[in-house]
Amino acid sequence: MTRRDCFLAAGVAAIWGINFVVSAVILRDLPPFLFTALRFFLVAFPAVFFVPRPSSGWKPAVGMGICIGCIQFGLMFWAIDLGMPAGLAALLIQFVTIFTLILGVVLLKERPSRIQVIGVLVGLVGLAVIGIGRDGAAQLIPFFMMLVAALGWACSNIIVRKSGEQSGLSISVWSALVPILPMLIVSFFVDGPRVMGDALATIDVQMVLLFIFASPVASLLGFAIWMNLLKKYPASTVSPWSLWTPPFGMIAGVIFLGQNPQPIEWVGAAVVLFGILISVGGTARPLRVTNPQSENRAVAERGG
């Protein structure tokens, strides 16, 4: 990756880390599925009237909308609402790295280099250290919700990579249309219209500002940049950068929520960053293919 793209990947991870804290604050007043619907509504509108449709067609957009909107964010917000700490949620969602590497090998015939594998493993050790340093234990159901949420994110990474979509902004905006109605329907049956109405009545200026960060910034801008990176580089090269998210989430917790991590958590964050530095030094290699056209594309992707 170029220095500019490394900076962009780190910036997106920082935004997502802070956004876990922002989401936890919003979920104090809004039920999770209603929050998910409103979040993606603000991602889609009014941008959908100005951003062209994805060049890859409607299927990748629908697939991404389901995987990210309904599975990743729907389950993640639900888990946080059930008591999953925001910092621990930021930690568990990083299982996307493992899932993306596995799916990349199985579905895209990508082969991570040894140094990438080592870097990811070091980063995951750092995540484990952070997890050990967290106070208390997550309940089993929210824990598995976060794992499925991470799998949903990994599936969206593969969908975009496989689609060949040329615009990360287009697919981010148009896929945001998909989860709005399903999440509203789920909220209607789970929470009820009265709870939904009472929650909407609590929205004030501060909530609006939080939504601006959670939707146009974290979702629209963040995922647009992320999808463009996935278009340029193998999934196994881009995905490890998401390991920056928990350390940034911890720092945001200190600044905005007064959550002071223990020394062992800072050690884990340092190990995560070290793993990133290792993993970005490697390059994923496509497995040998027999189709000349596919082989030419594989060579172009690795710059050779």
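Guide: Welcome! The largest nonpolar core here has 80 residues, and Ile26, Met76, Trp226 and Met227 have the most contacts inside it. Helix 1 (residues 3-26) gives the most to this core, with 12 residues. The model is predicted: local features need pLDDT of at least 70, side-chain atom pairs count only at pLDDT 80 or more, and totals for chains, interfaces and linings use all residues. Numbering runs from 1 along each chain as its sequence is written, and side-chain values use heavy atoms, leaving out hydrogens and water.

Visitor: What is a nonpolar core?

Guide: In soluble globular proteins, nonpolar side chains tend to be buried together. A core is a set of buried Ala, Val, Leu, Ile, Met, Phe, Trp, Tyr and Cys residues joined through side-chain atoms within 4.5 Å; buried means under 20% relative accessible area, exposed over 50%, partly exposed in between (1.4 Å probe, protein chains only). In this chain of 304 residues, 51% are buried.

Visitor: Which residues is Met76 in contact with, leaving aside neighbours within four places in sequence?

Guide: Taking contact as heavy atoms within 4.5 Å, Met76 meets Phe20, Ile71, Ile93, Met146 and Ala149.

Visitor: How many helices and strands are there?

Guide: The chain has 15 helices and two strands. These are DSSP runs numbered from the N terminus: helices are H or I with at least four residues, strands E with at least two.

Visitor: Where is Ile203 found?

Guide: Ile203 lies in the loop between helix 10 (193-201) and helix 11. It counts as partly exposed because its relative accessibility is 32%.
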